[in-house]
Amino acid sequence: MADKVTLLNAWRSPFGIRVKIALAEKGIEYEHKEENLQDKSPLLLKMNTVHKKIPILIHNGKPICESLIIVQYIDEVWKETSPLLPSDPYLRAQARFWADFVDKKVRDGRRKVMTTDGKEAGKELIESLKLLEGELGEKPYFGGEKFGCVDLSLIPFYSFFNSFKTYGNLSIEAECPKIIAWAKRCLQKESVSKSLADQQKLKSLL
Ligand code: GS8
């Protein structure tokens, strides 16, 4: 039986974008269902009874929730093509650590920049991005030569870097040039450029 894969998503969700990139990297065909988060569908409420959030991957009728867990699930189920996590247990743990760091520091940092006066939060965010720059080092991607889990965890937030300027008087371009160069490298990949939120549409919401 062919796999039936459905993604419940909202177009501008950085978490949903992670899953779209993972599916594109693996070349998996799926149905994309856009959710209105102000009026969630009965399917969403049934498939994520705990958090009631997108993204949700439905694989042959069974739901998987939480973007990083979904990405790891995709990597384990479709393991033949484009591995997203290293096979070595230590390197896998490192990749999970940095993906988790993105959630704790970049995601939450972005929220703080947008909801507080921005200055202090902006500084913290830059510090986190600098730590990520250190981890990236001279490698093209976080895992080395190949695009992987840490890259796809962070790249959806690139769309919001421009808005950081507006909120916190920040220039990530000046402070973290390596991250910007890395982001531009990622954007050259079709799996990334096709999955990111529409920039014009995003700008019109700011
Ligand atoms: C976050 C998902 C999330 O915040 C993940 O998947 O990694 N930790 C989760 N989803 C938001 C949309 S993106 O901002 C959502 O579904 N919000 C609906 C709500 O809170 O009611």
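This is a predicted model: local features need pLDDT of at least 70, side-chain atom pairs count only at pLDDT 80 or more; totals for chains, interfaces and linings use all residues.
**Notes on the aromatic pairs and the domain interface**

1. Residues are numbered from 1 along each chain as its sequence is written, and side-chain values use heavy atoms, with hydrogens and water left out.

2. The domain assignment, automatic or from a database, gives domain 1 (5–77) and domain 2 (89–205). Their centres, taken over C-alpha atoms, are 21 Å apart.

3. Now the interface. In domain 1, 15 residues are in contact with 27 residues of domain 2, contact meaning heavy atoms within 4.5 Å. About 1,800 Å² is buried between domain 1 and domain 2, and carbon and sulfur atoms give 66% of that area. Trp11, Arg18 and Ile21 supply 34% of the area that domain 1 buries against domain 2, more than any other three residues. Buried area here is the accessible area (1.4 Å probe) that two parts lose on being put together, summed over both.

4. On the charged side, the count between domain 1 and domain 2 is 3 salt bridges (a side-chain nitrogen of Lys or Arg within 4 Å of a carboxyl oxygen of Asp or Glu). Arg92 forms a salt bridge with Glu76, with the closest N and O atoms 3.8 Å apart.

5. For the aromatic rings, the count comes to 5 aromatic pairs. Rings of Phe, Tyr and Trp (its six-membered ring) pair if their centres lie within 6.5 Å; planes under 30 degrees apart are stacked, over 60 edge-to-face, and the rest tilted. Phe97 and Trp98 are edge-to-face because their ring centres are 5.1 Å apart and their planes stand at 90 degrees. Tyr141 and Phe147 also form an edge-to-face pair, at 5.8 Å centre to centre and 85 degrees between the planes. Phe97, Trp98 and Phe101 form one aromatic cluster.

6. Finally, accessibility (buried under 20% relative accessible area, exposed over 50%, partly exposed in between; 1.4 Å probe, protein chains only). Phe97 is partly exposed at 46%, whereas Trp98 is buried at 13%. Tyr141 is buried at 11%, and Phe147 is buried at 5%.
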